[in-house]
Amino acid sequence: MKQSDQLPRFLFSAAATLLVVTLVFTYLVGWYVVRWTRSMSTERNVIQHLMRLSSTLADAETGQRGYLLTGKDQYLEPYRDAVRRLHAEMETVDGFGRDGELPAKDVATLNEHIISKMTELEQTIALYRTNAAAATVLVQSGRGKSEMDQIRHVTAMLIDREEIDYLHMMRLSSRGTFARTATFLLTGGINLAFLAWVYRRLGTESRDRRVAAQKLQNTIDSISDGLMIVDHKWNITYLSKQGARILHAQDSQLVNKNLWDALPQARERKSCPHFEEAMQKKEPRHFEEYYSSTDQWLEVHCYPSPEGLSVYFHDITERKLAEQVLAQSKEDLEKLVAERTAKLQELVGELEHFSYTITHDMRSPLRAMSGFAEMLEDLGATSTEEQRKHFLSRISAAARRMDLLITDALNYNRAVREELPQESVDIGALVRGMIDTYPEFQPSKARITIADNIPRVIGNEAGLTQCFSNLLGNAVKFVQPGNEPRITIRSEPKDGWVRIWVEDEGIGIPPTVMPKVFDMFTRGQTTHDGTGIGLALVRKVVSRMGGRVGVESEQGKGSRFWIELRSAGSTATAQRTLAAHSS
């Protein structure tokens, strides 16, 4: 066998022997350290129980003194609790004596003093109940103090002994730990040196290395991840072909160049601290980063190596784009669900309020009809023709009132529940058609002026017909007796919106009613028929079309109601708005 072959065998045998000896030595040291650590724990436990025993006995004495000073049984509670705990602590300390943790003789002496002290406490309390003065004399005799001093002396002596043993075990444990660590470092350094020597020797085998390197290169080129190797000076020593393609560069342009000079965007991004931590702390790092220079996301794994860092990376741009789309879709869905839930809750609340109020208001005409019918029945044949006509007219008026309530209730219910598909609406043509159709809006009944060139708006034609029917109906109805209703309809376009005004010269709205004029069942006066639902219906319909309503009024000088809706604009704008509403 060649001398060159015997040397590696000898070094390997020596390293293996050293490793075995190290393991045996480390095991023995560790075993003793465990024993010493357990002894430390036992000593610390003994000290804690001795201190707890002394504290519990002091609590019992404190409870006895409180009772003797006040004579109240409530001060015996600390004494009784301490007595219960004292028995358990004494059992524990006795166990330490039996196990050899404490000298049995000292434990027996301590128990004798504790029993004597507890006897003195119990005798004093019992004597106090029959003869307080005698109990005081017993306390002042000094017997209890003498016993307590003996207990403290014995306890302190035991604690000092245990503390000395504890410190001794702690020193032994520290020395064992140091010896084990030193052994690990020494043998670790020797084995590392041996591995380094083997690595250098294997490096001399150039032919085998070329074969292995070629195989490794073929393997690296076959995977989709890029690989870059960086030395301790941040010089790029290797870059795979796939890595060059991902970085949109030639490997010859980057190899043997400084990483931060070749890829300056890496230093400017958050990837720089990851590289530095992996190099300094010798710990793997994983991160994802966006590089604006190449407009791509990369997932990077950094692994420390003796030569520096091995960096694996691959393009995850498509995955990131998919995640962004998914996150945006989730956000949009959650927003849509929240909006629809809020609208549904609002709708349910409105319907509950509406149902309660309309039911309450319908009882009034029913009671009126029932009352007048009963009065008519009670009079019977004795009633006059004039009385019968009066009662019947009141019953008829109540029936008409109920019919109005039912009609308005059905209209409001449809406005709340039914879909309102929106389209481009010509307000001027809509109002002119209403004037031609509704008898109360005919020129003989009212003078209605419609301004020219009212822009088209986005809305629901049927809903807007209901709105303008209510607004025009109120304008025609609420005028001073003998005055002709005069109404003007005009518009104000502004910033893609159109505000349509319905102005009259009627009786106006009282200031106290103005803030709640659009609320359900709000009526500004009682001289005219009405249910108080019409203006609430207008606000609800316009709100569902994405618009707003308002009013300006001065009592006795008329009112100026307005509806604001989005302008239809050009045909393309209208189509885009309709598409947005339908989605």
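Two strands are taken as paired if DSSP finds at least two bridges between them, and strands (E, at least two residues) and helices (H or I, at least four) are DSSP runs numbered from the N terminus. With that in hand, here are some notes on this predicted model.

1. A word on conventions. Local features need pLDDT of at least 70, side-chain atom pairs count only at pLDDT 80 or more, and totals for chains, interfaces and linings use all residues. Residues are numbered from 1 along each chain as its sequence is written, and side-chain values use heavy atoms, with hydrogens and water left out.

2. Confidence. The mean pLDDT (the predictor's confidence in each residue, from 0 to 100) is 77, and 81% of the residues reach 70 or more. Over residues 570-583 the pLDDT is below 50, although this stretch has twelve contacts (heavy atoms within 4.5 Å) beyond near neighbours in sequence. Where pLDDT is low, predicted coordinates should not be read in detail.

3. Strand 1 and its partners. Strand 1 (residues 226-231) runs antiparallel to strand 5 (residues 308-315), joined by six bridges; Asp231 has Gly308 in strand 5 as its bridge partner. Strand 1 is also antiparallel to strand 2 (residues 236-239), through three bridges, and here Val230 is partnered by Ile236. Strands 1 and 2 make a hairpin with four residues between them, and Trp234 in the turn has a positive phi of about 65 degrees.

4. Helix 15 against helix 16. The axes (lines fitted to C-alpha atoms, for helices over the stretch in contact, with angles from 0 to 180 degrees between N-to-C directions) of helix 15 (residues 461-477) and helix 16 (residues 534-544) come within 9 Å and cross at roughly 150 degrees. That makes the two helices roughly antiparallel (angles over 145 degrees). The contact residues divide into seven nonpolar, five polar and no charged, where Ala, Val, Leu, Ile, Met, Phe, Trp, Tyr, Cys and Pro count as nonpolar, Asp, Glu, Lys and Arg as charged, and the others, Gly among them, as polar.

How values were computed:
Angles under 35 degrees count as roughly parallel, over 145 as roughly antiparallel, 65 to 115 as roughly perpendicular and the rest as oblique.
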